[in-house]
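Reader: Hi! Could you walk me through a few local features of this one?
Author: Happy to. Let's have it on screen and go region by region.

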Amino acid sequence: MSGRMGRGEELSDFQRGTVVGCHLCNKSVREISALLNLPRSTVSAVILRWKRGGITTALPRSGRPHKLKEEHRQLLERVALEKCLPSVKAIAAEFQTTSGANVSCSTVRRELHEMGIQGPLSSDGKHKGQRTGKKKAALSQEDTHVDVSRLDLRVGRILTAVQLPETNSLYMQIELGEVIPRTVVSELAKHVPVDQMQNRLVVVLCNMQPVVVGGVVNEAMLMCASSQDKVELLDPPSGAVPGDIITFQGFPGKPDKELNPKKKVWEQIQPDLHTDAQCIATYKGAAFEVIGKGVCKAQTLSEKEIK
C-alpha cells in the first residue's frame, strides 16, 4: 500500500517549509516529490505560493500581497520592536544590513503598518523606546560587564528534524515553552544521526540575533560539546521540560534581549564554556544548572569546549 499523500490531505507548515528548503537546495520538483513522498502537483503548488508571497503557511492571505518574504518580515518585526531606532529610514537601513534584502522606506512603512507597529516617532521627534541619558550610561556599564548571565540558555525539545538533501544541514522545529516553536538550521547531520534528534531534549541559546540561512530564518543555536573529531549535544537533566532556564551559580544577571553581534558578547563568553572531567557543562567552573532538577552534561566528551 502506498504511503503517498492524497490530494485531499493538507500539508503541515513544517512539510511546506521542508519542500521550500529542498527547492532552495536546487532539487527539482520530481526529486522533492520522490524524497518527501508527495504528489508533484502539491510540491509545485507549495513552491509557486512561496515564490509569489514568500510564505509556506496554509492560511489564506487577504489584501495587498507582501513584497517581503515571510522570514524577512519576521526579521523586520524584530528590528522594529527591539532596536529602538528613531525613524522608518533607520529601521529600513538596519533591516537591509541584517537581511541583505533591498527594500524601500515605503515598503518598510507599509509592512510595519500591516504588522500593527505604528508611529516609530513620538510627538517630540524621539523614539518612544528611546533611552534617557541615565539609562544609556547604565547600558554602557552593562556592556563592559560580560559573563554567562547575558546568554538566554533554555531547555528545548526538538519536535522534528529533517536533513536537507546533499548537505549536512538539519532543518529543525524546537519547542521552547513559547507559543510558536522556533526554527533552527544547523550543520549537525554529519555528527548526530537524524533519528537521534527526534523528540530530544537539548540546550538552546535563544537570544542570538536571527540570521537568514538558505532562505530560512535561523532563530536559535544548539549547545554542543566539541572535540576535533566529535560533537555531542548537551543533555539537560532528567525531569527538565521545554522552557526551563539554565542558570549558573555566582552569575545572577539577566540575559540580553538579543545579543548584539557588534558587541561580540558571545565571542567573549564562549572560550570559558567547557565540560569538566565528569562531562558536566560549565562556565568558569559553574555548572549549567536547571534549579531543582540537576546539571547539563555531554555524553562522553570531558574537558572539551562548548559551542
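Predicted model: local features only at pLDDT ≥ 70, side-chain atom pairs only at ≥ 80, totals over all residues.

Reader: Which loop does Q270 lie in?
Author: Q270 belongs to the loop between α8 (265-269) and β10 (273-275).

Reader: And which residues is Q270 in contact with, leaving aside its neighbours within four places in sequence?
Author: With those neighbours set aside, Q270 is in contact with E305, I306 and K307.

Reader: Nice. Which way does phi go at C279, positive or negative?
Author: Positive, at about 70 degrees, although C279 is not a glycine. C279 sits in the loop between β10 and β11 (281-283).

Reader: Is C279 buried or exposed?
Author: Its relative accessible area is 10%, so C279 is buried.

Reader: What about phi at K284, positive or negative?
Author: K284 is also not a glycine, and its phi is positive, about 50 degrees. You'll find K284 in the loop between β11 and β12 (286-287).

Reader: Buried or exposed, that K284?
Author: K284 has 55% relative accessibility, so K284 counts as exposed.

Reader: Let's switch to strands. How many residues of β3 are buried?
Author: Five of the five residues of β3 (residues 182-186) are buried, so this strand is largely enclosed by the rest of the structure.

Reader: Which residues are on each side of β3?
Author: R182, V184 and S186 are on one side, with T183 and V185 on the other; all are buried, and both faces of β3 are covered. As background, side chains in a regular strand alternate between the two faces of the sheet.

Reader: How many bridges join β2 to β3, and do they run parallel or antiparallel?
Author: There are five bridges between β2 (residues 170-175) and β3, and the strands run antiparallel. For landmarks, I174 stands opposite R182 in β3, and L170 stands opposite S186.

Reader: What happens in the hairpin of β2 and β3?
Author: Six residues lie between the strands there, and G177 takes a positive phi near 80 degrees.

Reader: How many residues of β2 are buried?
Author: Five of its six, which leaves β2 mostly covered.

Reader: And how many bridges join β1 to β2?
Author: Six bridges link β1 (residues 153-163) to β2, and these strands run antiparallel. Within that pairing, V162 has Y171 in β2 as its bridge partner. The hairpin of β1 and β2 has six residues between the strands, and E166 takes a positive phi near 60 degrees.

Reader: Last topic, helices. At what angle do the axes of α1 and α2 cross?
Author: Roughly 135 degrees, with the axes of α1 (residues 13-24) and α2 (residues 29-36) coming within 10 Å. That angle makes α1 oblique to α2.

Reader: Is the crossing left-handed or right-handed?
Author: Right-handed, as α1 passes α2.

Reader: Which residues meet there?
Author: From α1 there are T18, V19, C22 and H23, and they meet I32, L35 and L36 in α2. The residues of this contact divide into five nonpolar, two polar and no charged.

Reader: Great, thanks, that covers my list!

Definitions and conventions. Residues numbered from 1 in each chain as written. Heavy atoms only, no water. Buried < 20%, exposed > 50% of the residue type's maximum accessible area, 1.4 Å probe, protein only. Helix = DSSP H or I, 4+ residues; strand = E, 2+ residues; numbered from the N terminus. Pairing = 2+ DSSP bridges. Axes fitted to C-alpha atoms, helices over the stretch in contact; angles between N-to-C directions. Parallel < 35°, antiparallel > 145°, perpendicular 65-115°, else oblique. Left-handed = near helix turned anticlockwise from the far one by under 90°. Contact = heavy atoms within 4.5 Å. Nonpolar A, V, L, I, M, F, W, Y, C, P; charged D, E, K, R; others polar.
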